[in-house]
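Visitor: Could you take me through a close look at one part of this protein? I would like to see the whole first and then settle on a single residue.

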Amino acid sequence: MSIFTPTNQIRLTNVAVVRMKKGGKRFEIACYKNKVMSWRSGAEKDLDEVLQTQSVFVNVSKGQVAKKDDLTKAFETDDLTEICRQILTKGELQVSDKERQSQLETMFRDIATTVAEKCVNPDTKRPYTVILIERAMKDIHYSVKPNKSTKQQALEVIRQLKETMEIQRAHMRLRLVLPAKEAKRLKEKLKPLLQVVESEDFDEELEMVALVDPGCFREIDELIRCETKGRGSLEVLSLKDVEEGDEKL
């Protein structure tokens, strides 16, 4: 006895589904897991690396392929590559509750790790452990935003944690060399951007070693370059001014 298999069915496994509703109908594409977010962040640019097949479905799990007429009507094109690109960019990634929870837990830890790497206790200059930052994030009931990068969220967490604990971005240690002619005037402009001036030596030029907030680095760099027309210099001596050992509560 022969078994009839409909020609418009394709079976796929280990698949991430991206779904989009358009023109009153549902369309889905089958992607490789972990590749959808890479595409959306711009890390992956090859569509073939993201899609398991360039077919468009009405239901991936049942293997039901969308009709060409429905696609043309909804997307106003019959170019499958273009349709897949639209769904991939604007559609909704379908993940199970278990997968979503796992993804959020991973992001939560990544955010805490970034905060721990960037910050110290301002009184002791010691860094906090990742576990301690995770605990503090739970105390302020921080909820991860899956569509925002972990770096953006880490900066947001730092802002929120400042309200409940002693924490700040670890200072960078910089060496600034300013030509004698511009030194006095430029020093006044730089003063609000420098947290601590550790040393100052004036000979033929002014050489300063200072601690600064990492967020001010670009502004300091541009100021020295523009005001000295390339004759001044800025050198990073250390990215983080920290004491040995972790901070303990």
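Guide: Let's begin with the radius of gyration, which is 27 Å for the protein in this predicted model, whereas a compact globule of 249 residues would have a value near 18 Å. Along the principal axes, the C-alpha atoms fill a box of roughly 95 × 45 × 30 Å. Within that outline, the secondary structure comes to 9 helices and 11 strands.

How do the contacts link up the chain? Taking contacts between residues at least 6 apart in sequence, 65% join residues at least 24 apart. Buried residues account for 36% of the 249 residues.

You will find Lys-184 in helix H8, which covers residues 180-190. Is Lys-184 buried or exposed? Its relative accessible area is 73%, and exposed means over 50%, so Lys-184 counts as exposed.

To place Lys-184 in the whole, pick out Ala-30 as well: the two residues are 154 residues apart along the chain, and their C-alpha atoms are separated by 64 Å. With both residues highlighted in your viewer, you can look from Lys-184 in helix H8 across those 64 Å to Ala-30, keeping in mind the box of roughly 95 × 45 × 30 Å that the C-alpha atoms fill.

Terms used
Residues numbered from 1 in each chain as written. Predicted model: local features only at pLDDT ≥ 70, side-chain atom pairs only at ≥ 80, totals over all residues. Heavy atoms only, no water. Helix = DSSP H or I, 4+ residues; strand = E, 2+ residues; numbered from the N terminus. Rg over C-alpha atoms; globule rule 2.2 N^0.38 Å. Buried < 20%, exposed > 50% of the residue type's maximum accessible area, 1.4 Å probe, protein only. Contact = heavy atoms within 4.5 Å.
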